[in-house]
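Hi there,

Here is the structure I promised to pass on to you. Have a look at it first, and then read on for my notes.

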Amino acid sequence: MLDKLFDPDVIAVIGASRTEGKVGHAVLKNLLQGAGHKVIPINPNVTEILGLKCYADVLDVPEKIDLAVIVVPAAAVPSAMEKCGQAHISYVVVISAGFKEASLEGARLEREITAIAGKYGIRMVGPNCLGIIDTSSSLNASFAASMAFPGNIAMMSQSGAICTVTLDWADRTGVGFSKFISLGNKADLAENDFLELFRKDDSTAVIAAYLEGVKDGPRFMDVARNVTREKPVIIVKSGRTAVGSRAVSSHTGTLAGSDAAYTAAFRQSGVIRADSLEEMLDYSRAFSTYPLPRGKKVAILTNAGGLGILTADACHSIGLSITSFEEETITKLRQKLPEAAGLYNPVDVLGDAGPQLYEHALEVLLADPNVDGIIVLVSPQAMTDVPAIAKSLIKIIKTSDKPILCNLAGGTRIAAGEELLNKHSIPNYPSSERAVASLKALCDYSSIKVKEHTAPVTIPVNREAAQKIIDDAIASGRRTLGLESMGLLKAYGIPVVRSRMAGNLPEAIAVCEEIGYPVVMKIISPDISHKTDVGGIKLNLRNAEDVERAYLTMMSDVKHYMPNAHITGVQVQQMVTGGKEVIIGMDRDPQFGPLLMFGLGGVYVEFLKDVSFAVAPINDKEAQHMIASIKTYPLIAGVRGETPSDIKAMIDTLLKVSQLVMDFPFLTEFEINPLMVMPEGKGCLAMDVRMTLRKE
Ligand SMILES: Nc1ncnc2c1ncn2[C@@H]1O[C@H](COP(=O)(O)OP(=O)(O)O)[C@@H](O)[C@H]1O
Ligand SMILES: [Mg+2]
């Protein structure tokens, strides 16, 4: 699929122009610089452009056209598309702008051309894009300033400007690409299609992308899961801080913001997320150049103490370990290094070190089984021959089965060395921190590659009972459900604290006796979401007098805070002690759907903000990961001789919630807060629940 898009025999440029400086001219010129395909300009007003016969219409062209590149103004694109359809053209790149990104009328035009493409089965790139480049087929169907160098990185970008920036940067650094795609508005072909393509593309080893969003979240996760097992996928996604425009009332929604789903989805599907364009390019170059390290043990080789320490700090803070060497390594280093040299990690060959010392030290370090990867630092002292050292590094890097990342540090005096590295497609990281971060990305991918993605096991539940509770709520016009919907949890086998409803004081006293003191009393009202805030929670009631007093104050407090709230009664619960409060929530993300949240819970959850996210459905490993990745995990796992909490019970509950929210898309928000987790082996209990149903 998409083969002829990237390797067409005959290409038509609809809107080709004779005028230098026009997009229709630039595209034509770029295409002509390629080889192996015939280029035909289409323009009704001229008969010849750049020596090529020009046709008025694609329908006049006698040959079969494989690809049409459209550069006419937006308003003329629908009729151009229609003609492409009639001419049986399978692929179209719409470079023209003025669509969804521009105006409502543009959005209408975009729908129109997408429908035409659909009608004829045309696959379309764009609109509003820079075009596409394939270095292996020598195709430059874009208005980029120059053709990319060949290489093994496939890049796609939702921003045309980022395409030009990257290509220009690559022009200077010599970084090569297999394919380069400007996605534009993604009206038809989008990141998922190209991820699939890159996976199968022999000339691609690394996949990089700049995205502002994904078109189809669940499909993206499916595709990415498969692709990342074969090739590294590095994505920089913008809009990290944009505040969601939806009104959110749940903790999960508030804490998730707009970006948590992307972070979770990327992590779950093995995508390496870069925080900036620079980071994306750094990582891509690392993957493009180096073998994967077997582990996280790093050796640092330097000619300057300070740089060595900074690098060690960077390794440490990012989770790479500064390795200890074998005896033999130290002995061999000592043989050739000067007396004052540092033989332990970081290895310091000293300021006057020449290429031979670097070479010797590198060879010794590479032979040490405790070394998985090396960071080499070169600072330009008066006697340092940087280009000579660079040549030595190149020689060793080319044959090494371990990654050796370089930081020739400085400016003017390292430029020649850097150029040499670039010539051999070896990156020079401008700072040791960037080299270290890139090495970390290589390490991370080693574990992503082997990660199993097993589907979650279906847990036996009483789905009918749950359905009935939801149906009843919908029938009675309710959207927000509180404690009265605890039955839903029970139907899914989630343990719930012993509780009873009461409509008035005598009933309340009676159910308290039934449950057994001490008890907790909670207000039940469709209008009250957070009961604590309005005096609607009374804890630790020990006898009937306590209950009476609590009931009366509760009613008057609630009336005071919320005079108009409709109160249906109270719920009495067994007072539970000796556990830890956690929260399990779900909020529907517009792109990825059910986003689960786990965190240390109770009334402080929004203050502590110590939570983790995952897109449902999740398997037990992901549930375990959610729990283990919060900062306060040690409190749950047991600190200072404390018994650990029942982590198995939490995993079990997370899996049940995952299944529940998958089974009922009608639930838009769901939250158990708190889930009281008892010590290991003693289970957990839901004490409060809140959910919102979709408005229909
Ligand atoms: N059955 C119970 N046993 C012990 N403590 C409870 C119980 N129910 C609630 N609590 C405490 O009261 C807090 C608030 O109760 P909750 O039902 O979550 O009300 P809301 O979240 O509406 O304010 C909980 O975080 C917990 O600390
Ligand atoms: Mg609560």
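Let me begin with a sheet: four strands make up an open sheet, ordered 21-24-22-23, with antiparallel pairing. (Strands are DSSP runs of E with at least two residues, numbered from the N terminus, and two strands pair if DSSP finds at least two bridges between them.) Strand 21 (499-502) and strand 23 are at the edges with a single partner strand each, so one side of each has no neighbour in the sheet. On average, neighbouring strands here are turned by 20 degrees against each other, direction ignored; the axes are lines fitted to C-alpha atoms, and angles run from 0 to 180 degrees between N-to-C directions. Strands 22 and 23 run antiparallel and are joined by three bridges; methionine 521 has lysine 538 of strand 23 as its bridge partner.

Before the ligand, a word on conventions. This is a predicted model, in which local features need pLDDT of at least 70 and side-chain atom pairs count only at pLDDT 80 or more, while totals for chains, interfaces and linings use all residues. Residues are numbered from 1 along each chain as its sequence is written, chains are lettered from A and ligands numbered from 1 in the order in which they are written, and side-chain values use heavy atoms, with hydrogens and water left out.

Now to ligand 1. Of the 18 residues around ligand 1, the nearest are Lys522, Lys531, Thr532, Gln574 and Glu581 (near means a heavy atom within 4 Å). Polar contacts are pairs of N or O atoms within 3.5 Å. One oxygen atom of the ligand is 2.4 Å from a side-chain N or O atom of glutamate 581, and an oxygen atom of ligand 1 is 2.7 Å from a polar backbone atom of lysine 531. The protein covers 91% of the 540 Å² of accessible area that ligand 1 has on its own (Shrake-Rupley method, 1.4 Å probe). Strand 22 (519-524), strand 23 (537-541), strand 24 (569-574) and strand 28 (667-677) are the elements that give two or more residues to the shell.

Where does ligand 1 lie relative to domain 4 and domain 5? Domain 4 (463-574) and domain 5 (580-693) both contribute residues to the shell, so ligand 1 lies between them. The domain bounds come from an automatic or database domain assignment.

Happy browsing!

Terms used
A polar contact is a pair of N or O atoms within 3.5 Å; within protein, one must be able to donate a hydrogen and the other to accept it, and residues adjacent in sequence count only if both atoms are side-chain atoms.
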